[in-house]
Amino acid sequence: MGKTIRFGVSLNSELLEKFDLLCQEKSYQTRSEAIRDLIRNVLVQKEWEQTDREIAGVLSMVYDHHQSDLAQRLTEIQHETHDLILSALHVHLDHHNCLEVLILRGPGEQIQKLSQKLISTKGVKHGKLTLTTTGQDIM
């Protein structure tokens, strides 16, 4: 890790007040830590845009397991791409609805294609992919 360097940031007072409120809401101890997080978030977003880079993500899906063959179709898709799936968690929310959470890692384009294929499978009520970094290039 490189050495810490101080630099100044100029903001108008209204923007600074809003930023301070955000820092308080998010429980940042200092403005510096909040700014570091903002910078990291932009750098991670940039990683996602480079679809050949390795990324990590969490895919969550809610579906009715009584829907004809839906669980089987989702399992088949997952087996076809098992190399991208690090872990899976299946939770019974109620008599009909299940929550499935997949931890994914691999090339960005493949992660996004797999997620979209699962989310768009007929019978999936809701799905969301949350991307993050593998942490290799973030300080």
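User: Which residues have the most contacts inside the largest nonpolar core?

Analyst: A nonpolar core is a set of buried Ala, Val, Leu, Ile, Met, Phe, Trp, Tyr and Cys residues joined through side-chain atoms within 4.5 Å. Buried means under 20% relative accessible area, exposed over 50%, partly exposed in between (1.4 Å probe, protein chains only). This is a predicted model: local features need pLDDT of at least 70, side-chain atom pairs pLDDT 80 or more, while totals for chains, interfaces and linings use all residues. The largest core has 17 residues, and those with the most contacts inside it are Met61, Leu74, Leu102, Leu104, Leu114 and Leu118.

User: Which element gives the most to this core?

Analyst: Helices (H or I, at least four residues) and strands (E, at least two) are DSSP runs, numbered from the N terminus. S1 (54–64), H3 (70–80), S3 (97–107), H4 (108–119) and S4 (124–132) each supply at least two core residues. With 4 residues, the top contributor is S1.

User: Within what arc do the buried residues of H3 fall?

Analyst: Leu70, Leu74, Ile77 and Gln78 are buried in H3. They line one face of the helix, because their directions from the helix axis to the C-beta atoms span an arc of 100 degrees.

User: Which exposed residues does the face of H3 turned away from its buried side carry?

Analyst: The buried residues of H3 pack against S1, S2 (85–92), S3, H4 and S4, with contact meaning heavy atoms within 4.5 Å. The face turned away carries His79 and Glu80.

User: How many disulfides does the count come to?

Analyst: Residues are numbered from 1 along each chain as its sequence is written, and side-chain values use heavy atoms, without hydrogens and water. Cys23 is buried at 6% relative accessibility, and Cys98 at 0%. A disulfide needs a pair of cysteine sulfur atoms within 2.5 Å. The count is 0.
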